[in-house]
Amino acid sequence: MGVTPVDERFLANPMHIGPSFNILMTEISSVAVGMGFGVIDAYEETLRKGVIPRGTTKRIDDRGYQVYYGEAVALLETARAALGRRGWAVHGGLRT
């Protein structure tokens, strides 16, 4: 019941150089960001259809709802950029 020596071929494989946790988390994060954009689409649809409770103003014209919408979109766009969906990773270099 001792320690089994690691095969040299295992260590030479570039896939085992570093942890794969980052790659796996990026995949999960990409799905979460996509779901967030789906929710934003549903929220925008609600804004266009709905009227403020006890009022006649549409939600899309109300500043409060616009602020929530803008903050959510900004956060999702930041998350998308952090995942490399825009800019350097997509275009093969820094955008000028």
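In which helix is Arg80 found? Arg80 is found in helix α3, where helices are DSSP runs of H or I with at least four residues, strands are runs of E with at least two, and both are numbered from the N terminus. The structure is a predicted model, in which local features need pLDDT of at least 70 and side-chain atom pairs count only at pLDDT 80 or more, while totals for chains, interfaces and linings use all residues. Residues are numbered from 1 along each chain as its sequence is written, and side-chain values use heavy atoms, with hydrogens and water left out.

The predictor's confidence in each residue, pLDDT, runs from 0 to 100. Its average over the chain is 77, and 64% of the residues score at least 70. Confidence is highest in α3, at 92, and lowest in helix α4 (residues 88–91), at a mean of 43. Over residues 86–96 pLDDT stays under 50, and for these residues the model has ten contacts beyond four places in sequence (a contact means heavy atoms within 4.5 Å). Where pLDDT is low, the predicted coordinates should not be read in detail.

Helix α3 itself covers residues 63–82, 20 residues in total. From first C-alpha to last, α3 reaches 28 Å, close to the 28 Å expected at 1.5 Å a residue; the expected span is 1.5 Å times one less than the number of residues. Gly84 follows α3 and has a positive phi, near 85°. Arg80 lies 8.8 Å from Gly34, C-alpha to C-alpha, although the two are 46 residues apart in sequence.

Side chains of opposite charge can pair when their charged atoms come close. The structure holds two salt bridges, each defined as a side-chain nitrogen of Lys or Arg within 4 Å of a carboxyl oxygen of Asp or Glu. One joins the side chains of Glu44 and Arg48, at 2.9 Å from N to O. These two residues are four apart in helix α2 (residues 21–49), so about one helical turn separates them. Glu44 is partly exposed at 24% relative accessibility, and Arg48 is partly exposed at 46%. The side chains of Glu45 and Lys49 also meet in a salt bridge, at 3.2 Å from N to O. Glu45 and Lys49 both lie in α2 as well, four residues apart, about one turn of the helix. Here Glu45 is partly exposed at 45%, whereas Lys49 is exposed at 60%. An α-helix has 3.6 residues a turn, so residues three or four places apart point the same way.

A search of the whole structure finds one aromatic pair. The rings of Tyr43 and Tyr69 have centres 6.4 Å apart and planes at 20°, so they count as stacked. Rings of Phe, Tyr and Trp (its six-membered ring) pair if their centres lie within 6.5 Å; planes under 30 degrees apart are stacked, over 60 edge-to-face, and the rest tilted. The pair links distant parts of the chain, with Tyr43 in α2 and Tyr69 in α3, 26 residues apart. Tyr43 is partly exposed at 25% relative accessibility, and Tyr69 is partly exposed at 25%.

Definitions and conventions:
Buried < 20%, exposed > 50% of the residue type's maximum accessible area, 1.4 Å probe, protein only.
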